[in-house]
Number of protein chains: 2
Amino acid sequence: LDYKISFEPLGIRINCPRGATIFEAARDAGVTLTSICGGRGICGQCRVQILDGKTSSTARKKKSYCNEQELDEGFYLACETIPLGDLRVYLPLTSLSVEQRLQINGPDVASVIDPVLAHYELDLRDYMPEKSYLDWDNLCSILKTQSIRCARADLSVLQRFSSILHSPVSTIGITVRGDEVIDIHQAGQEILGVAIDLGTMKIAAHLVDLNSWKLLAARGVTNPQVAFGEDVMSRITYALENGGNKLRSSVTTAINQLIEELTGDVEKVAELTLVANTAMHHLLLGLPVSHLGRAPYAPVIRSSLDIKARDLGLHIAPGAYAHFLPGIAGFVGGDHVAMLMATGIHDTDKTVLGIDIGTNTEISLARKRMMSCVSCASGPAFEGAHIENGMKAASGAIESVKIGRNRIELTVIDNVPPIGICGSGILDTVAQLRRHRIIDKRGRFQDHEMVCQGDNGCEFILAGACDSNTRKNICITGGDIAEIQLAKAAIRTGIDTLLYESNTNEEDIDEVVIAGAFGSYIDVSSAIAIGMLPSISLDKFKQVGNAAGVGARLALASKRHRSMAQKIAEKVRHIDLGNYSEFSSRYLKAMWFP
Amino acid sequence: LDYKISFEPLGIRINCPRGATIFEAARDAGVTLTSICGGRGICGQCRVQILDGKTSSTARKKKSYCNEQELDEGFYLACETIPLGDLRVYLPLTSLSVEQRLQINGPDVASVIDPVLAHYELDLRDYMPEKSYLDWDNLCSILKTQSIRCARADLSVLQRFSSILHSPVSTIGITVRGDEVIDIHQAGQEILGVAIDLGTMKIAAHLVDLNSWKLLAARGVTNPQVAFGEDVMSRITYALENGGNKLRSSVTTAINQLIEELTGDVEKVAELTLVANTAMHHLLLGLPVSHLGRAPYAPVIRSSLDIKARDLGLHIAPGAYAHFLPGIAGFVGGDHVAMLMATGIHDTDKTVLGIDIGTNTEISLARKRMMSCVSCASGPAFEGAHIENGMKAASGAIESVKIGRNRIELTVIDNVPPIGICGSGILDTVAQLRRHRIIDKRGRFQDHEMVCQGDNGCEFILAGACDSNTRKNICITGGDIAEIQLAKAAIRTGIDTLLYESNTNEEDIDEVVIAGAFGSYIDVSSAIAIGMLPSISLDKFKQVGNAAGVGARLALASKRHRSMAQKIAEKVRHIDLGNYSEFSSRYLKAMWFP
């Protein structure tokens, strides 16, 4: 019998015949690892981290390819490592030749009122013929004549001040935040800001020119904490058992790499904003997560925070701050607040539902200028986890499905032979199965010519072994359908509870805003068909992409948006579904298909 | 011929016969190194650091007594190391069985108005029956009901907040500084402050209870930067050639040790103040010293500074600040400002001279509520350096001298046979030599029965070889007298310039305040006799001890004293003697004895 290997962060599970290397098994399953030598243990490119499980002792011969820290952390060459049981393997981005599709963009930020930072350029010759006599106090007096208030300076500014002052260039640039000079530099230097959306699964960074407010670049990576647990709860458990340091440093390293790649010169970054769910927020800040892991899931702090980036190990300009947007509750974080702000849900007379779909789904309802929110444990099914042939939205994933009479139309990311199915494809499949009455209201397979018998009961084959890149059938099982039922019921229960608590009917809803990467790719009619979303006119739905990232960029720009976020966080009423008496009955009802 | 060994920080120079170990040479010269085994290379107590010079290769056999860092830094066992040439050797305090006399005390601080920190204790049961639901925002709301303003919290407070909150004790203590919560702790914990006087030669620390304002303890150590250069200028040179990191870390390590020894639990220290001369100030802060080393000796900053202690590598409460008192000029630092504040010179209608005597001597004159100051390069002669048998004020130093007819009365520190002569003893000797006309106005030895011929011209023997612990004569040479003339002329020129510039005569002076360790031990009449101080009535002189340390304690206590110090620093007019046209003629005149 084969062993199973599950690959993080791709979320795909493959079979590995006994005696085969990880590299061979991955290749045969269509997961292409980076390799120059083709699996002969020469190039050292196919480094993987064994998270769980036993491997052959012949492995690790090529120690020179891994440094000591990596050896400690369980790195191996995939082409030299033979599983001796089921494995959980982390593929570093560098070892993975396909990149996961990340949605990191959003609408542009318009003009900025009330900016957080002020930049000034001064030609010192205008003030002082003899530069060499200028000390910090003289400079402050000069600034005062220009109505520039600077009560204090970061130590790093003082440390670099005289060398910049006495360089051949006599024009200097200074960056002021509140009453503090946080940076001093040669005149004409770019002033950059970075807005970060730190998600459980991915980290997206937006680089903004703080003079023109233009978005210069954006980049996303998988959150490396995936190696420590798929979802928020398993990472909290890891932190409670092993301390949070590894989780914390893996994320700061990833953010530092992102910023380095985006900017080339991290010292030009004078401000950073960050939105995250509450657990990611706490882990990055080194705040205890013990109370996040059990009811009532109390955060340590909900308010926004301004912290010197260096105190968090983040490498930007030495005097610069990181601003953390405020959260609402233990499972409704700053990313949701940022989404509400970016989409304007907080400031509308309409009745609007705002939904962030993910492993944890946050939903807010604006109604008569009041706001309430819930969080629902929708689980990782939409990320492709716990689904027989599930995977993340990466190359080779079936992302949409249309079932016709005896014919199945598939769309595969990057138009390659499929290797698995991602969330939007699963959603489509289940909706189509229900439409064609291949499954019943309860999700049970019916007698149908397209349903066949698999190893674990009935299954529906989307792609046959000859059409797939894995040389195996790609199918949806009864278990997969049950997983989707759990997920969609959680979301629908959240929506129904918000509507009920604010005395609102479905038909009162003016707009449904669906944010986040997964939400952008789903077919809304499929989501309605399975009962995940209320059955209202399709034109009321708006898929807005990474609105949380846009919120982070708004907060990067202006103080007005920072106080707006704080007001939103204080205003939204959080309904704790865990303590909600009607929850179970509503949830059970929502499990059924319409 | 013997080799010469000069021992830092003691400032004593001894002869070492060829083939003798450092331990033997030191013992024979009366410098007792710590040793249990008596120099047999067994106990590892007599560790010394070779700063300059060559030693035998047989040394360093006992590597186990020094850790790797120490080996890198040139540590050896004195009993195993044979000089192969002249040496400069640093004796760590732990290897030196006599401690240098440090003056660290001063008058007590009275009641405090407008304290820097506010402490509150809250019984959370009074506010909330269900503690487990309390997050930081709730706590802030509670504090607001108590009119406690806390707009922000240090990250360390948030990190520790929930564990303290959820400990069995329901009463918590919080420490607020401005609008920032800097510490959270169990109720009833002591709140401590440390005031540090960082001098070129010594570091003195005062531990204060910030509730009762009582001085709990005080402790001094030699500034370990002595190993990198005797005076300010040689340390600046070292920093320019080798970078300032070693200088910086040696001082932070020493301060951390001092605080650790004083408190036992450094986390109880919620505030630190520091006074220092400008060079020590800059080196500790990591500020560039390039401009301090050459005219016009411009500091990077003169204003006071508040910096998180952790950003300086200082170990106190993680959220606590270090406050640096403001300075006046490159050679008139925060220690002088602190002295002016502590002695009230800044706030008097009288005409008062305030003098800090040291390697660099700072002098201020208050006259008609105006203040001006100078700094003079008085050199290290008063510290015992550049004097044939000179040494610091430690056990075995001749500290006062009275020459009678054919008879010399000596006072030796600790009443032991003398091994050298310290500053106050040298001053006395020269004054007595002049009184008895053994030297003339120009400092030249006269034909006199007590003057004999030494290796390098005439000398005056204070203690014969049989009376001294070094088995050699202890004498004052013509060169020594010249050194004292240079030193006293520098100081007198400073005084005369201040008087001249403020149109003041000697007889107008109401008071002369002499601060600092050396100033406390000198015989004022001797100082007048050699012309160092103006010849006015002895009862106008006041020796006040470590007034700078008292100033640091005042600033530790109250915001009022911090703004007072800032005002003093801005108010005092600095006269740069280096740019002063009359300097040379006045200095040459001041070289003569009255």
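**Calling the contacts, one cut-off at a time**

Student: Why is the pair B:R369 and B:D347 called a salt bridge?

Tutor: The N to O distance between their side chains is 2.4 Å. A salt bridge needs a side-chain nitrogen of Lys or Arg within 4 Å of a carboxyl oxygen of Asp or Glu, so Arg and Asp at 2.4 Å qualify. Before we go on: this is a predicted model, where local features need pLDDT of at least 70 and side-chain atom pairs count only at pLDDT 80 or more, while totals for chains, interfaces and linings use all residues. Residues are numbered from 1 along each chain as its sequence is written, chains are lettered from A and ligands numbered from 1 in the order in which they are written, and side-chain values use heavy atoms, with hydrogens and water left out.

Student: What makes B:R369 and B:D347 a tie between separate parts of chain B?

Tutor: B:R369 sits in the loop between β17 (361-367) and β18 (370-376), and B:D347 in the loop between α8 and β16 (352-356), so the pair joins parts 22 residues apart in sequence. Those elements are DSSP runs numbered from the N terminus: helices are H or I, at least four residues, and strands are E, at least two.

Student: Why does A:N456 count as exposed?

Tutor: Its relative accessibility is 67%, so it counts as exposed. You'll find A:N456 in the loop between β22 (451-454) and β23 (457-463) of chain A.

Student: What makes α8(B) largely enclosed?

Tutor: Helix α8 of chain B (residues 334-343) has 8 buried residues out of 10, so the rest of the structure largely encloses it. Among the buried ones are B:H336, B:V337 and B:M339. Just after the helix, B:G344 takes a positive phi of about 75°.

Student: What makes a set of residues a nonpolar core?

Tutor: The members are buried Ala, Val, Leu, Ile, Met, Phe, Trp, Tyr and Cys residues joined through side-chain atoms within 4.5 Å. The largest one here has 69 residues, and A:L274 and B:W136 are among those that touch the most other members. Helix α6 of chain A (residues 245-263) gives the largest share, 7 residues. Leaving aside residues up to four places away in sequence, A:L274 touches A:I196, A:L198 and A:I255, among others.

Student: How do you know that chain B and chain A touch?

Tutor: Contact means heavy atoms within 4.5 Å, and 30 residues of chain B are in contact with 30 of chain A. Together the chains bury about 2600 Å², 55% of it on carbon and sulfur atoms; that area is the accessible area (1.4 Å probe) that two parts lose on being put together, summed over both.

Student: How many salt bridges cross that interface?

Tutor: The rule finds 6 between chain B and chain A. One of them pairs B:R310 with A:D311 at 2.8 Å, N to O. On the side of chain B that touches chain A, α4(B) gives the most, with 5 residues.

Note on methods. Buried means under 20% relative accessible area, exposed over 50%, partly exposed in between (1.4 Å probe, protein chains only).
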